[in-house]
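Welcome! Take a moment to look over the sequence and the model, and then we will walk through some of the details together.

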Amino acid sequence: MTIDYQEKIPNNVNLSEDRRLRRALENWLPGYQRWWHELGPAESDTMDVYLRTAISVESGGWANYGHVRMPDYRWGIFLAHPEADRRISFGMHKGDPAWQEVPGEYRSELRRLIVTQGDTEPASVEQQRLLGATCPSLYDLRNLFQVNVEEGRHLWAMVYLLHGFFGRDGREEADAMLERHSGDPDKPRILNAFNEKTPDWLSFFMFTYFTDRDGKYQLASLAESGFDPLSRTCRFMLTEEAHHMFVGESGLRRIIQRACQIMAEHKTEEVRKFGAIDLPTIQKYMNFHFSASVDLFGQELSTNAANYYTMGLKGRFQETRIDDDHRLGEALYPVSEIKGDAIVMGEAPALTAVNERLRDDYAVDCQRGVDKWNRTIRDAGIDFELKIPHRAFNRKVGAFATIRTTPEGRILTEAEWDRTHGAWLPSPEDEAYVQSLMEKVTEPGKMANWIAAPAKGIDGQTLDFEYVRFN
Ligand SMILES: [Fe+2]
Ligand SMILES: [Fe+2]
């Protein structure tokens, strides 16, 4: 089915036949547009951006490219196709037909899950609001805006579920999505990493690599949900999420590549003299963003997570591919814990450890890109290795929030931490240096000095293509 772009809200959920829902969403639309104008990408209203827009959920159909004025972007509601006779694959309802309506007894838990996921989507748009003013190229500016419009669409996806299935409380929650704001002291976003600043492009690429990847893992476990509309919504969102992580992985690779070029060319490690970002600074940013992102998975042992699992609301990553009973009555799972002055591997009931398992899956996935970056460094003949920090490092959530450790996971006293952490996390001087590099480059094909050109353009276009037109 192709989506009708003549409709105010493009969709494949039959909105034209559901007048109540259509009216609810049309009432929500002006507030959304106001929010986009006030807190979305700054000063972007007059630009034409080469964006991909979903016009159907078929492979090939969801990636249509063309120049679009962003305020005219059509944020639609798209669900992956239903799977015939889909069954719940885990928990106490395993084997039952997937729910097409919200089960009354799980209403508040489901709403909580949807609101928490939904809140992150506009939050990241707010965090990235000012980055357009310092884009390193038109190519990058376009990618930023692509990520932004899709996060906006992800908000639409969650708001559709709230309006469509949760009645009056759903409407109130949908309104609240536009009332909480990233970093707002009175009404902050729900999760901490989404209240941090994204002040420069190094942070942006780190965010899309590490924090959007948390999004991937949350969406993947919600895609297993017994509540079928949530599952189908998340399955379609995952296709878009992949691009966000690509932006992060390739952006960081290009920064690393540029640092390596300058090191080789000038035979020095002091690349700052030549306006590049040195590898130790990249490592510090990585330490920060990895630790903030693993916090998003929550407590290592969580009765909430266990309940969501047993109820069939939120599964594990690729649940159906795991070879076990999918109920986790007796099973154990390895969980690291603090014993005396060391961190050791213990064991906990697998059911209460589902967050930790998801964090493990996430960390393995994070390592893949890091391996590629290290190959770039090795290929340049440079002896340096980027390392993902130990999961206990710099944590604010979970068992390790009570201790201080080195990036290798050795426990430190508070005094030792005070003396040493400047070497592991971005210092105010590092941040000021990175900020000093940020300048707007908009000549087609040109790149800021601190970042290498990408390997290829978007959608088969050349690198000097006019990805963004300023009117
Ligand atoms: Fe998203
Ligand atoms: Fe994303």
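## A buried histidine

Let's begin with His-244, which counts as buried because its relative accessibility is 0%, under the 20% cut-off for that label. Please keep in mind that what you are looking at is a predicted model. Another residue of interest is Glu-241, also buried, with 3% relative accessible area. Glu-241 and His-244 both belong to helix α6, which covers residues 228-266, and because they are three residues apart there, about one helical turn separates them.

## The iron ion (ligand 2)

Which residues coordinate the iron ion (ligand 2)? Four do: Glu-151 and Glu-241 through OE, Asp-212 through OD and His-244 through ND1, at 1.9 to 2.2 Å. If you follow the chain, you will find these donors with the spacing E-x60-D-x28-E-x2-H.

Now for the geometry of this site. The angles among the four donor atoms run from 90 to 168°. Four donors count as tetrahedral only if all angles lie between 85 and 135 degrees, and the site of the iron ion (ligand 2) is classed as irregular. For orientation, the ideal angle for four tetrahedral donors is 109.5 degrees.

## The iron ion (ligand 1)

The iron ion (ligand 1) is coordinated at 2.1 to 2.2 Å by the OE atoms of Glu-121 and Glu-151 and by ND1 of His-154. Along the chain, the donors of this ion show the spacing E-x29-E-x2-H.

How far apart are the iron ion (ligand 1) and the iron ion (ligand 2)? They lie 3.4 Å from each other, and Glu-151 bridges them. In other words, Glu-151 coordinates both ions.

Glu-151 itself is buried, at 3% relative accessible area, and His-154 is buried too, at 0%. Because Glu-151 and His-154 are three residues apart in helix α3, about one helical turn lies between them.

## How α3 meets α6

The helix α3 spans residues 138-165, and its axis comes within 10 Å of the axis of α6, with a crossing angle of roughly 160°. An angle over 145 degrees counts as roughly antiparallel, so α3 and α6 are described as roughly antiparallel to each other. The way α3 passes α6 is a left-handed crossing. In the contact of α3 with α6 there are 13 nonpolar, six polar and eight charged residues.

## How α5 meets α6

What is the crossing angle of α5 and α6? It is roughly 155°, and the axes of α6 and of α5, which covers residues 201-222, come within 8 Å. By the cut-off of 145 degrees, α5 and α6 are therefore roughly antiparallel to each other. Their crossing is left-handed. The contact of α5 with α6 brings together 16 nonpolar, five polar and five charged residues.

## A look at Glu-109

Finally, find Glu-109 in helix α2, which runs over residues 107-127. Is Glu-109 buried, exposed or partly exposed? With a relative accessibility of 22%, Glu-109 counts as partly exposed, because buried means under 20% and exposed means over 50%.

How values were computed
Residues are numbered from 1 along each chain as its sequence is written. Chains are lettered from A and ligands numbered from 1 in the order in which they are written. This is a predicted model: local features need pLDDT of at least 70, side-chain atom pairs count only at pLDDT 80 or more; totals for chains, interfaces and linings use all residues. Side-chain values use heavy atoms; hydrogens and water are left out. Donors are N, O and S atoms within 2.8 Å of the metal (3.2 Å for Na, K and Ca); water is not among the atoms, so sites may look incomplete. Four donors count as tetrahedral if all angles lie between 85 and 135 degrees; four count as square planar and six as octahedral if opposite donors are over 155 degrees apart and all others between 65 and 115; anything else is irregular. Helices (H or I, at least four residues) and strands (E, at least two) are DSSP runs, numbered from the N terminus. Buried means under 20% relative accessible area, exposed over 50%, partly exposed in between (1.4 Å probe, protein chains only). Axes are lines fitted to C-alpha atoms, for helices over the stretch in contact, and angles run from 0 to 180 degrees between N-to-C directions. Angles under 35 degrees count as roughly parallel, over 145 as roughly antiparallel, 65 to 115 as roughly perpendicular and the rest as oblique. A crossing is left-handed if the near helix is turned anticlockwise from the far one by less than a right angle, and right-handed if clockwise. Ala, Val, Leu, Ile, Met, Phe, Trp, Tyr, Cys and Pro count as nonpolar, Asp, Glu, Lys and Arg as charged, and the others, Gly among them, as polar.
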